Amino acid sequence: MVKNMKEIIITKNEEGQRLDRFLKKYLNKANQSFIYKMIRKKNIKLNNAKTEPEEVLKVNDMVQLFLSDETIDKFREKKTLNQADIHFKTIFEDDNILVVNKPIGLSSQPDETSSRNLVDEIKVYLDAKEENISFTFKPAVCNRLDKNTSGLVIAAKNYDTLKQTNKAIRERNIKKFYMAKVHGIINEDIELKDYLIKDEYKNMVKIVKDNQENAKSVVTYAHPIKTEGNFTWVEVQIETGRAHQIRAHLSSIGHPVAGDKKYGKKDNEKHQVLHAYKLILNGYEGELSYLNGKEIISDISERKILM
């Protein structure tokens with residue numbers, strides 16, 4: 001079997017990790033003993049020189065694999081999806097960040113309830129554009145939406161963007177706004193500050209007034225836009241981002257989201273009318289500071305349903 005030389009140039013996404021751990025991700029079907037053997041036999045080199053498994057990688061380091069294409073293919077598991085599997089709409093994109101409009105019925109991340117999820121679709125999208133050039137960094141979503149909630153989701157194209165976006169969300173520097181149609185008439189702004197307890201078995205949450213064991217604080221604001229019969233369209237802003245927060249919080253005051261089968265009332269809506277329509281980005285530093293103050297909008301008219 002003829003050996004070839006495949007060269008991998010280390011980027012910011014891979015720096016700071018040990019060579020053997022990088023190789024275990026790249027050759028994801030190979031066991032540790034095979035990787036160590038290839039390093040020992042100089043079939044794997046670093047910067048054209050013999051190396052050790054514990055060597056820490058730096059930006060622009062060159063990892064050379066003196067292995068046949070057949071061997072590399074044997075030890076690399078590749079997920080194949082096609083363009084027809086992409087159901088989201090791109091709202092904003094640059095070299096670091098991708099913001100998409102997730103349809104109703106698509107899970108944000110892989111789960112047991114569906115073979116389709118946003119993370120895999122984003123990978124397909126970037127692969128098709130030949131932009132998913134990192135060998136070990138997988139595109140990641142930074143904010144999650146319920147499967148049956150539509151709207152804006154942020155995906156990071158590299159590790160620095162992922163780290164900074166997660167930090168900005170955690171420190172509440174990224175403002176998240178939703179549009180919802182709710183039961184009942186709301187005539188004035190509402191500010192809700194309570195606690196949420198999740199029932200993992202039922203996959204439901206409960207709103208409580210006092211801080212109990214395993215309870216987490218939730219802060220939700222609702223601003224009425226217009227009434228429509230016995231319903232009100234409201235703009236909702238959340239400071240915290242707990243699972244089912246908006247749906248459970250509004251339901252707890254008698255204004256459940258229209259179409260919500262879990263926390264709502266019977267109505268004519270086939271799907272819950274809740275759409276993450278606006279993001280205001282802040283909290284970025286260094287090379288990503290250009291994102292601060294950026295407002296990204298996906299009108300509720302862009303709400304799609306995945307059948």
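1. Setting aside its neighbours within four places in sequence, Lys181 makes contact (heavy atoms within 4.5 Å) with Glu228, Phe231, Thr232, Trp233, Pro256, Val257, Ala258, Glu269 and Val273. The residue lies in strand E8, strands being DSSP runs of E with at least two residues and helices runs of H or I with at least four, both numbered from the N terminus. Lys181 is buried, with a relative accessible area of 8%; the cut-offs are under 20% for buried, over 50% for exposed and in between for partly exposed, using a 1.4 Å probe and protein chains only. Its C-alpha atom is separated by 4.5 Å from that of Trp233, a residue 52 residues apart from Lys181 along the chain.

2. On the basis of the values, this is a predicted model, in which local features need pLDDT of at least 70 and side-chain atom pairs count only at pLDDT 80 or more, while totals for chains, interfaces and linings use all residues. Residues are numbered from 1 along each chain as its sequence is written, and side-chain values use heavy atoms, with hydrogens and water left out.

3. The chain has 6 helices and 14 strands, and its C-alpha trace spans about 75 × 40 × 35 Å along the principal axes. Of the 307 residues, 48% are buried, and among contacts with a separation of 6 or more, 64% are accounted for by residues 24 or more positions apart.

4. Beyond its neighbours within four places in sequence, Leu118 is in contact with Phe88, Val100, Lys102, Leu106, Ser107, Ser108, Val141 and Val153.

5. Helix H1 (residues 19–26) packs against helix H2 (residues 32–40) at an angle of about 120°, with the axes 10 Å apart, where axes are lines fitted to C-alpha atoms over the stretch in contact and angles run from 0 to 180 degrees between N-to-C directions. That makes H1 oblique to H2, the word covering whatever is not under 35 degrees (roughly parallel), over 145 (roughly antiparallel) or 65 to 115 (roughly perpendicular). The contact is made by Leu19, Asp20, Leu23 and Lys24 of H1 together with Ile35, Tyr36 and Ile39 of H2.

6. Arg172, in the loop between helix H5 (159–170) and E8, has a positive phi of about 65°, and is partly exposed, with a relative accessible area of 33%. His244, in the loop between E12 and H6, has a positive phi near 60°, but counts as buried at 9% relative accessibility. Most residues other than glycine have a negative phi.

7. Ser68 is found in the loop between strand E3 (62–67) and helix H3 (69–75), and is buried, with a relative accessible area of 3%. The C-alpha atoms of Ser68 and Lys6, which are 62 residues apart along the chain, are separated by 8.8 Å.
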